Amino acid sequence: EDEEDDLYTEGQCQDSSSSSDQFSDSSSDDEAEEGANQSKSGRMFRKTKFEHQSTTTPNCFSAPDELSTPLTYFSKFFDEDVFEAIAHQTNLYSCQLIEGSINTNASEIKAFIGMKLMMGVVKMPAVENYWATDTRYDKIADVMPLKRYKCLSRMLHFQDNMSSDSSEDRLVKVRPVLDHMRGKCMDIESENQFSTDEMMVPYKGKKAGSLRQYLRSKPKKWGFKISVRAGVSGFVYDFMVYTGKSTFDGSTPDKEFGLGGNVVLQLCRTIRNPSNCVVYFDNFFTSLRLITHLKESMGLRSLGTIRMNRLMGRGSFDFCVDNDAKLAVVKWADSKTVTLVSSCASVNPVGQVRRYSKEEKKKISVPCPKIVSEYNTHMGGVDLADTMIALYRTPAKSHRWYLAIFWQMVDIAVNNAWLLHRRDAAPLGQKRHLIKQPKVPRPVDDMRYDGIDHFPIVSVKGRCGMCQDGQTSIVCQKCKVRLCIITGQNPCKCFHSFHCK
């Protein structure tokens with residue numbers, strides 16, 4: 001129907017250079033198309049070979065001599081200085097609030113944060129349940145009494161309320177932690193491919209005013225919006241919290257790039273070696289002017305989706321190139337149409353992806369341009385980080401809205417520490433320890449301790465279910481668990497101990 005759009009299917013795009021030559025040979029059509037494809041900024045797009053297609057160098061990280069402890073990796077982001085500062089500000093805040101210090105210290109703040117992290121793993125309906133008799137959880141309840149825990153929760157603080165510049169920064173109450181955490185993330189050796197996207201810190205309260213944002217596309221739709229630059233692994237390398245007009249640290253944003261473009265520019269300025277890197281972003285951030293600016297001013301290659309009209313037919317695609325501006329625009333039809341623009345990738349080589357066809361009622365092969373596969377491979381870093389953080393999110397329910405941002409920083413530190421541990425473990429040949437379900441599940445306590453029909457029988461020899469080193473052929477007929485019964489000089493009464501509280 002639309003004669004200006006030439007949709008390429010797999011058979012038509014086996015040789016892109018020949019297709020491009022056909023466009024250049026037809027002079028009248030080419031002139032009309034050049035006029036249609038000339039942007040307002042004077043760029044001239046043609047259907048021709050993209051001359052600036054490139055790839056990034058593989059990530060190569062220095063291998064450590066030995067693997068550090070998990071606490072050491074966490075300390076790379078939350079070091080002793082942070083805990084000392086938090087303890088000092090907490091004592092100062094308690095003096096201002098109740099005219100008396102609660103006398104906390106860095107060690108107690110560490111224990112408190114460790115308890116909160118454990119609460120994110122072992123969830124209960126109320127905080128009191130961790131100390132209650134029927135639901136007591138020793139790993140939390142044995143650290144400190146409930147009354148002391150609530151006292152620290154009430155007094156936890158990060159900045160002096162009497163600070164003179166408190167009215168200028170909307171995040172002044174948590175600014176020291178944000179700046180420290182951001183600096184630590186930027187100090188870590190980074191990957192070569194980054195994605196830029198938005199992360200939500202869940203918050204439904206109304207005390208934060210306009211800092212609370214709504215994003216319809218996010219699982220947690222209400223909360224604080226953080227723009228993040230992350231690697232493909234989900235490692236967070238840089239971030240900035242949205243605060244309205246003061247988001248860009250007092251600097252005046254460039255209006256020609258819009259809010260999304262200025263966010264990308266701000267986050268990309270901290271990339272150490274931009275000429276060897278590629279950054280990916282979605283259509284909220286992407287513009288032709290931004291991609292050209294990143295390439296010309298920083299030498300940074302980029303790729304992103306852009307908002308355009310629809311195509312027809314799954315697997316069909318169209319493209320145009322401006323080699324002078326080093327831009328390639330590709331429009332590809334999947335279940336929906338997506339348009340991508342890049343300074344480092346184009347159509348070729350065209351690959352194949354598997355998609356389900358309602359007509360044929362089976363999966364079929366669909367042509368997929370190179371730019372699409374590059375985007376799908378490297379764009380999900382921020383979403384991956386958000387997913388991993390959400391698995392064991394630290395509970396942050398409080399009347400003080402800025403605590404939600406603080407606990408988000410703690411969760412990012414834990415996630416980054418784990419990814420850094422995994423990165424260092426790979427060259428040393430150490431595998432991750434996975435929690436496996438036992439081959440023979442243990443019986444429930446009601447059956448195990450009822451004292452009825454627990455008879456020992458002889459079975460195949462195997463490891464004892466009670467002690468670590470025992471081998472036995474005695475099995476409890478009811479519980480189906482191997483248990484030692486050994487007499488003599490070194491007796492072992494695992495069978496009796498297993499069935500007694």
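Pro456 lies in strand 12 (residues 456–463); helices (H or I, at least four residues) and strands (E, at least two) are DSSP runs numbered from the N terminus. The model is predicted: local features need pLDDT of at least 70, side-chain atom pairs count only at pLDDT 80 or more, and totals for chains, interfaces and linings use all residues. Residues are numbered from 1 along each chain as its sequence is written, and side-chain values use heavy atoms, with hydrogens and water left out.

Pro456 is partly exposed, at 43% relative accessibility. Buried means under 20% relative accessible area, exposed over 50%, and partly exposed in between (1.4 Å probe, protein chains only). Beyond its neighbours within four places in sequence, Pro456 contacts Ile474, Val475, Ile485 and Phe495 (contact: heavy atoms within 4.5 Å). Phe495 is 39 residues from Pro456 along the chain, yet their C-alpha atoms are 8.3 Å apart.

Strand 9 (residues 337–342) runs antiparallel to strand 6 (residues 301–306), with four bridges between them. Two strands pair if DSSP finds at least two bridges between them. Ile306 has Thr339 of strand 9 as its bridge partner. Strand 8 (residues 327–333) is also antiparallel to strand 9, through six bridges. Here Ala333 faces Thr337. A hairpin of three residues connects strand 8 to strand 9.

In helix 7 (residues 146–155), the buried residues are Tyr149, Leu152 and Met155. They span an arc of only 140° around the axis, so they lie on the same side of helix 7. The arc is taken from the directions from the helix axis to the C-beta atoms. Their cover includes helix 4 (80–98) and helix 5 (106–121).
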